[in-house]
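This report walks through a structure by its side-chain contacts and helices. Please keep the sequence and the 3D view at hand.

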Amino acid sequence: MPRQSAPGSAGSGMSSAEAKALVAEASERQRFRYRDSGIRWNSELSGRRLAEHAKLAPAAEALLASAYARLGLSFRAHDRILKLARTIADLSGSDGVGEEHVAEAVQYRCLDTAVPV
């Protein structure tokens with residue numbers, strides 16, 4: 001993740017209480033979405049359920065396909081990005097998974113990968 005400003009400095013982002021509320025809202029979205037499915041979190045999605053609940057907008061689908069090809073991602077990495085994008089969408093209060101959610105998830109994936117020197 002990008003380096004954050006020091007706590008209390010100008011532009012330091014949201015407070016702990018604001019972050020807690022945001023996470024609680026995202027958790028409630030997931031609890032409601034999966035209420036009758038036997039799962040609780042986006043991380044538990046796989047196969048058909050992943051395709052159903054993390055359905056991408058066309059631009060988001062194109063971006064993920066491009067990242068998949070350019071970065072040489074595995075199927076596992078593809079699905080992990082998709083689950084993360086679903087979670088990012090929940091945190092932003094979005095019902096759908098858009099291009100901006102996929103872009104952010106891909107960025108986190110790239111930060112998680114060792115860069116050859």
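The sections below cover conventions, salt bridges, a helix, an arginine and the rings.

## Basis

This is a predicted model, in which local features need pLDDT of at least 70 and side-chain atom pairs count only at pLDDT 80 or more, while totals for chains, interfaces and linings use all residues. Residues are numbered from 1 along each chain as its sequence is written, and side-chain values use heavy atoms, with hydrogens and water left out.

## Salt-bridge network

The whole structure contains five salt bridges (a side-chain nitrogen of Lys or Arg within 4 Å of a carboxyl oxygen of Asp or Glu). A network of such bridges links Arg-29, Arg-33, Arg-86, Asp-90 and Asp-95.

Asp-95 pairs with Arg-29 at 2.6 Å, N to O. This pair links distant parts of the chain: Arg-29 sits in helix 1 (residues 16-33), Asp-95 in the loop between helix 4 (75-91) and helix 5, 66 residues apart. Helices are DSSP runs of H or I with at least four residues, numbered from the N terminus. Asp-95 is exposed at 67% relative accessibility. Arg-29 is partly exposed at 23%. For these classes, buried means under 20% relative accessible area, exposed over 50%, and partly exposed in between (1.4 Å probe, protein chains only).

Asp-90 takes part in two of the contacts described here. Its bridge to Arg-33 is 2.4 Å, N to O. Arg-33 belongs to helix 1 and Asp-90 to helix 4, so this bridge ties together parts 57 residues apart in sequence. The bridge from Asp-90 to Arg-86 is 2.9 Å, N to O. Arg-86 and Asp-90 are four residues apart in helix 4, so about one helical turn separates them. Asp-90 is buried at 2% relative accessibility. Arg-86 is also buried, with a relative accessible area of 2%. Arg-33 is partly exposed at 21%.

## Helix 3

Helix 3 (residues 58-71) has 14 residues. From first C-alpha to last it reaches 20 Å, close to the 20 Å expected at 1.5 Å a residue (1.5 Å times one less than the number of residues). Which residues of helix 3 are buried? They are Ala-60, Leu-64 and Ala-67. These cover an arc of only 60° around the axis, so they lie on the same side of helix 3. The arc is that of the directions from the helix axis to the C-beta atoms.

Pro-58, Ala-69 and Arg-70 are exposed on the other side of helix 3. Gly-72 follows the helix, with a positive phi near 65°.

## Arg-109

Arg-109 lies in helix 5 (residues 99-112). Arg-109 is partly exposed at 25% relative accessibility. Leaving out residues up to four places away in sequence, Arg-109 touches Leu-73, Ala-77, Arg-80 and Ile-81 (contact means heavy atoms within 4.5 Å). Leu-84 is 25 residues away from Arg-109 in sequence and 9.4 Å away in space, C-alpha to C-alpha.

## Rings

There is one aromatic pair. The rings of Tyr-68 and Phe-75 have centres 6.1 Å apart and planes at 25°, so they count as stacked. Rings of Phe, Tyr and Trp (its six-membered ring) pair if their centres lie within 6.5 Å; planes under 30 degrees apart are stacked, over 60 edge-to-face, the rest tilted. Tyr-68 is partly exposed at 26% relative accessible area. Phe-75 is exposed at 66%.

Arg-35 lies over the face of Phe-32, 4.0 Å from the ring centre. A charge sits over a ring if NZ of Lys or CZ of Arg is within 6 Å of the ring centre and within 35 degrees of the ring normal.

How values were computed: Helices (H or I, at least four residues) and strands (E, at least two) are DSSP runs, numbered from the N terminus.
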